[in-house]
Amino acid sequence: LTPNAVGAGGRAGALSPAPITEDLQKIDVNPPKGTRDFPPEDMRLRNWLFYHFREVSRLFGFEEVDFPVLESEALYIRKAGEEIRDQLYCFEDRGNRRVALRPELTPSLARLVIQKGKSLSLPLKWFAVGQCWRYERMTRGRRREHYQWNMDIIGVPEVTAEAELISSIVTFFKRLGITASDVGFKVSSRKVLQEVLRHYSIPEALFGKVCIIIDKIEKIPVDDIKSELKSAGVSEEAIEQLLQVLSIKSLTKLEEILGDAGEAVADLKQLFSLAEKFGYSEWIQFDASIVRGLAYYTGIVFEGFDRGGKLRAICGGGRYDRLLSTFGGDDIPASGFGFGDAVIVELLKEKGLLPELSLQVENIVCALDPGLQGAAATVATILRGKGQSVDLVLENKPLKWVFKRAARINANRLILVGDSEWQRGMVGVKILSSGEQHEIKLDELE
Ligand SMILES: OCc1cccc(Br)n1
């Protein structure tokens, strides 16, 4: 490329790479604002966390799926005023298509289910672990990306799906040493809101928007909630009733208000009964104020919270029976959750539950002189062929350096390839924990 050349798009700008200038100035070696690098020690923790995500998914019989990080912006354009829309990391690509970095995984899952259509046999139990993005003004210094573990059950209308999903998260917490004293789940149903709105003949079309406004109940003053509801077209009487219902924390009280004929109370009663059978009753509590911030939920909603009250929601999910039809597909009942990789790490740190994860290599192999580098490569290959990890010393280094590196990588054994031993088909082995050393025939090495 000649100096000051520009990318294929002609003029330099958002759609084309910046021009290459003569003086290659020092680049910023930090990752873009709001994003993270994962150097080895952080990557070990991430892999450990994802291992448990995947192990729990396997225990529950779920299959892994994945989708592009880049999706059509249309997947996320919902009119309910969600934060996720306001923070969409979207742009126009060189083909003038409106695209976005996915802010969540559920719409991609819905898209794939519709795409696969009748070839799929229901129910589907799919999980994914994927990076999700938002473009938030860095004023709050919050992250712009995180990894989410999602589990979704497609094709089960019963509350057994939500009970199973919550059980999977409880299983995950228990594997990490987190107990019901550390975290809980606030559970409700959007059918509670639906029944109140219907009672006041509030149009169904307002349902999503009302939910998004009410989801802010802990974040903005109640007067702002009231004025937003009023501007959305909800009557003052309905607003008062809504706020009264949202303060209910007991199913019995809810039944007194709504009666026992509606689906909301029936669903919640079934969920709490199933929770007992799954053995996680102590983990869940009814809280009518839980609505979650995504417009497409239609039934049970839940969120994991830390009982210390210091952290943001750990995870959240619920039933979304009509998401597929908003994409033009047939409606298939569905339920799922998202679990981010950041808040859980803050919780583990706070509880002293972060695992000790260090690099572990079984062998370090070193030639005792440059002429034996090939022999050392042969030894390394034999060990690797037997499934043993080997750090092969690739340069002519003094033994002091080799021992230091062996300690840093936590090697169990030092294999020394020396001339006299090699001539006799042997290598030297030093067990680094005990210091014990011996010679061994190459073909007996394992
Ligand atoms: O939890 C909402 C969300 C979505 C995408 C990226 C990040 Br960070 N957070």
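## Basis of the model

In this predicted model, local features need pLDDT of at least 70 and side-chain atom pairs count only at pLDDT 80 or more, while totals for chains, interfaces and linings use all residues. Residues are numbered from 1 along each chain as its sequence is written, and side-chain values use heavy atoms, with hydrogens and water left out.

## Overall form

The protein has 15 helices and 16 strands. Helices (H or I, at least four residues) and strands (E, at least two) are DSSP runs, numbered from the N terminus. The C-alpha trace spans about 95 × 65 × 45 Å along its principal axes.

The radius of gyration is 28 Å, whereas a compact globule of 446 residues would have one near 22 Å. This radius is taken over C-alpha atoms, and the globule rule is 2.2 Å times the number of residues to the power 0.38. Of the 446 residues, 49% count as buried. Buried means under 20% relative accessible area (1.4 Å probe, protein chains only).

## The ligand site

The shell around the ligand holds Pro 103, Cys 132, Trp 133, Arg 134, Arg 143, Arg 144, Glu 145 and His 146. Taken alone, the ligand exposes 290 Å², and the protein buries 79% of that. These areas come from the Shrake-Rupley method with a 1.4 Å probe; for residues, only the protein chains shown count as cover. Strands β5 (124–133) and β6 (145–154) each give two or more residues to the shell.

Three shell residues are nonpolar, one is polar and four are charged. Here Ala, Val, Leu, Ile, Met, Phe, Trp, Tyr, Cys and Pro count as nonpolar, Asp, Glu, Lys and Arg as charged, and the others, Gly among them, as polar. A polar side-chain atom of Arg 134 lies 3.4 Å from a nitrogen atom of the ligand.

## Glu 145

Glu 145 lies in strand β6. Glu 145 counts as buried because its relative accessibility is 2%. Its side chain makes a polar contact of 3.1 Å with that of Gln 131. A polar contact is a pair of N or O atoms within 3.5 Å; within protein, one must be able to donate a hydrogen and the other to accept it, and residues adjacent in sequence count only if both atoms are side-chain atoms.

## Helix α3

Helix α3 covers residues 106–116. Its buried residues include Thr 106, Leu 109 and Val 113. Their cover includes β2 (70–72), β5, β6 and α11 (323–326). Gly 117 follows α3, with a positive phi near 50°.

Terms used: Near = heavy atom within 4 Å. Buried < 20%, exposed > 50% of the residue type's maximum accessible area, 1.4 Å probe, protein only. Contact = heavy atoms within 4.5 Å.
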